[in-house]
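Q: I am new to this structure. Please show me how to read its features, one at a time.

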Amino acid sequence: MTTNQPGHTFQVDLRGLVDLLSHHLYSSPKVYLRELMQNAVDAITARRLLDPAAPARITIRTGTDGGIVVEDSGVGLTESDVHTFLATIGRSSKRTEDGGIDLSAARADFIGQFGIGLLACFVVADEITVVSRSAREPGAPAVEWHGRSDGTYSIRTLPAGSVAQPGTTVTLTPRGDGSEWLEPGRVVQLARHFGSLLRYQVEVVDRHGDVVQVNDTPPVWERQYGSPFARREALAAYGKSVFDFTPLDTIDLDIPLVGLKGVAFVLPTPAHPTKRSGNRVHLKGMLLSDQATELVPDWAFFVSCVVDTTGLRPTASREALYEDETLAAVRDAIGERIRQWLTGLAASDLALLRRFLDVHHLAVKALARYDDQLLALLLPWLPFETTDGTVSLDEFARAHPVVLVTQTVEEFRQVAPIAAAAGLGVVNGGYVYDRELVHQLPQVRPGVTVTDLDPETVSAHLDSVDPGAELAAAPFLARARAVADRMDTDVALRSFQPVGVPAMLVDNREARHQRRRAELSSDADELWAGILGSLSSSAPRAQLILNHLNPLIRKLVELAGTADAQLSETAIEALYGQALLLSRRPLRPSDHALLNRSFLGLLEFATQAAGNGPVGGPGNGPGSGPSNGPSNGQGNVPS
């Protein structure tokens with residue numbers, strides 16, 4: 001038989017609970033003032049439901065024995081209310097009489113949701129005194145509740161007439177480690193931080209009687225202005241005061257479904273996509289968060305917003321937004337509003353659109369990948385790096401009906417000078433989003449052809465050398481091919497502009513991958529070498545294309561039959577090294593070694609020719625050349 005056991009009551013350690021609030025629930029002790037202001041606003045709201053003409057004021061007095069006093073003209077509390085709501089942790093004053101949550105329409109007018117309220121003030125105070133007189137019962141006496149951080153409290157009824165008007169006064173006596181948060185200057189700062197958009201009058205009064213107005217209502221976006229220009233200037237000035245930048249433009253936000261109104265401020269300088277801008281979210285006028293990155297879509301990192309809402313749900317700490325379907329819908333709605341703003345710029349203000357794209361083209365590229373409408377509207381205006389410089393695709397496509405796009409930045413840098421001289425139109429597709437977007441250009445501009453650039457395409461556009469000249473260069477080319485073969489590279493002789501470029505290295509990703517596999521295979525064990533070998537392909541090798549129009553190449557061709565073989569090989573290595581640098585691709589250790597060897601080798605040959613006569617004389621021939629290692633510090637350099 002089961003015997004019913006007597007029930008027990010939870011015992012709450014107030015000190016432990018305060019520690020939990022200060023170190024885990026709230027990000028900072030500063031929220032104490034928000035809780036006091038929030039309770040005052042809710043009390044005034046409740047009184048206004050009883051009497052719409054009731055006064056609405058919140059006064060914060062500083063300099064009272066190091067503490068503060070917060071007064072409101074709200075609905076106040078009876079003695080029964082004090083026992084119910086101030087002495088019971090977790091009980092909300094917005095509950096119905098039977099203990100259930102009030103779901104009436106009036107419930108939406110309150111800020112507080114979780115009944116923690118006054119308890120948060122113990123984060124900065126040792127003692128809290130609440131004096132309140134109810135407006136619901138005109139004849140009810142005022143009540144004083146005195147709570148201490150050790151978990152004890154006392155309640156007493158004050159003499160009739162001691163409190164003239166309904167309302168509540170909360171006095172905080174600071175604790176030793178919380179006094180800094182109650183200093184007059186800090187209180188003004190916090191009051192403005194949290195309450196700048198509150199709809200009821202909030203003021204801070206110091207011990208000298210000086211008054212500081214905390215809020216400035218209605219919000220700047222709800223005021224009337226003489227002209228659109230005046231409104232825009234006022235919004236820009238507000239953005240400057242909040243975020244410390246003058247916005248490039250402002251975007252009105254209005255989502256009636258959740259009672260959200262505000263402004264999105266467009267950043268005037270580039271923002272990194274991974275660094276989200278902070279957004280200020282106010283809940284019924286009270287600041288909820290100034291870092292609400294979850295309010296806007298990820299791609300909209302170029303705006304910072306200030307909004308006030310009545311319908312979004314806060315987290316338990318009331319310092320962030322609760323992630324739910326409503327917030328997701330609001331995020332989508334804000335994203336759609338930003339799209340509409342971009343569409344409007346394209347239709348009516350191309351100068352501002354160009355300024356925006358100059359700063360935030362990366363964000364627009366990210367958005368255009370998934371938004372066909374925006375793609376068609378803005379793709380022609382987006383800037384890309386091309387062989388004609390950084391220009392819009394629309395301008396580039398007018399000059400080049402066939403648009404070639406590289407797959408990597410390195411490929412573009414390899415071919416850009418030569419392609420430009422040959423009249424080819426090449427776009428650098430190596431940056432994020434660029435190649436994918438360029439390939440969508442024919443959808444927007446019919447008649448334009450876009451194709452990936454194969455480096456061999458560039459070499460095909462170079463002029464062939466006269467057969468007689470190529471035959472005369474055969475000895476030099478044979479030696480050059482022998483040297484280049486060690487770098488897994490072929491050699492070709494062509495004529496191209498600019499004349500000042502003696503050689504060009506034409507490569508592609510597959511050829512580089514093939515060489516990398518070969519390097520790894522040579523250093524790997526038998527099993528891994530077999531695996532890498534199975535991945536090898538017959539892709540074409542890189543090409544070192546020598547420019548027959550260049551005077552240096554012509555001179556090397558003329559001297560091929562008479563010059564020292566070591567000098568020719570060193571010159572060819574130097575040409576390869578220069579072409580490698582011009583390609584701007586990452587250098588391997590072997591590439592660094594080649595550049596060092598060829599540079600020092602040419603210096604040594606020049607020194608020998610200047611000091612000891614022709615290269616190849618006694619003691620100066622190939623046997624003591626730069627590729628034969630050191631010789632006890634007597635002038636030779638290591639290979």
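Q: Which residues does Asn547 touch, not counting residues up to four places away in sequence?
A: Start with the term: a contact means heavy atoms within 4.5 Å. On that basis, Asn547 touches Arg494, Ser495, Phe496, Pro498, Val499, Val501, Pro502 and Ile553, not counting residues up to four places away in sequence. Asn547 lies in strand β22 (residues 542-547). Helices (H or I, at least four residues) and strands (E, at least two) are DSSP runs, numbered from the N terminus.

Q: What kind of model is this, and how are residues numbered?
A: This is a predicted model, where local features need pLDDT of at least 70 and side-chain atom pairs count only at pLDDT 80 or more, while totals for chains, interfaces and linings use all residues. Residues are numbered from 1 along each chain as its sequence is written, and side-chain values use heavy atoms, with hydrogens and water left out.

Q: Where is pLDDT lowest and highest among the elements?
A: pLDDT is the predictor's confidence in each residue, from 0 to 100. The protein averages 81, and 80% of the residues score at least 70. Helix α17 (residues 526-534) has the lowest mean among the elements, 51. Strand β10 (residues 260-266) has the highest, 97. Over residues 95-108 the pLDDT is below 50, and this stretch has 13 contacts in the model beyond near neighbours in sequence. Where pLDDT is low, the predicted coordinates should not be read in detail.

Q: Is Asn547 buried or exposed?
A: Buried means under 20% relative accessible area, exposed over 50%, partly exposed in between (1.4 Å probe, protein chains only). Asn547 has a relative accessible area of 0%, so Asn547 is buried. Across the protein, buried residues make up 47% of the 639 residues.

Q: Which backbone nitrogen lies 3.1 Å from a polar atom of the Asn547 side chain?
A: That of Leu549. A polar contact is a pair of N or O atoms within 3.5 Å; within protein, one must be able to donate a hydrogen and the other to accept it, and residues adjacent in sequence count only if both atoms are side-chain atoms. Ser289 lies in strand β12 (residues 286-289). Its relative accessible area is 10%, so Ser289 is buried.

Q: Why does Tyr322 count as partly exposed?
A: Because its relative accessibility is 36%. Tyr322 is found in the loop between β13 (303-309) and α6 (325-348). Tyr322 touches Arg313, Pro314, Thr315 and Leu327, not counting residues up to four places away in sequence.

Q: What is the order of the 8 strands in the open sheet?
A: Two strands pair if DSSP finds at least two bridges between them. The order is β5-β4-β3-β6-β2-β1-β7-β8, with mixed pairing. β5 (153-157) and β8 (211-213) stand at the edges, each with a single partner strand, so one side of each is left without a neighbour in the sheet. Strand β3 (residues 125-133) and strand β4 (residues 143-148) pair in the antiparallel sense over 6 bridges. Ser132 stands opposite Val143 in β4.

Q: Which helix packs on the sheet?
A: Helix α4 (residues 184-195) does, touching β1 (57-64), β2 (67-72), β7 (201-205) and β8. Its direction makes about 160° with that of β1. Axes are lines fitted to C-alpha atoms, for helices over the stretch in contact, and angles run from 0 to 180 degrees between N-to-C directions.
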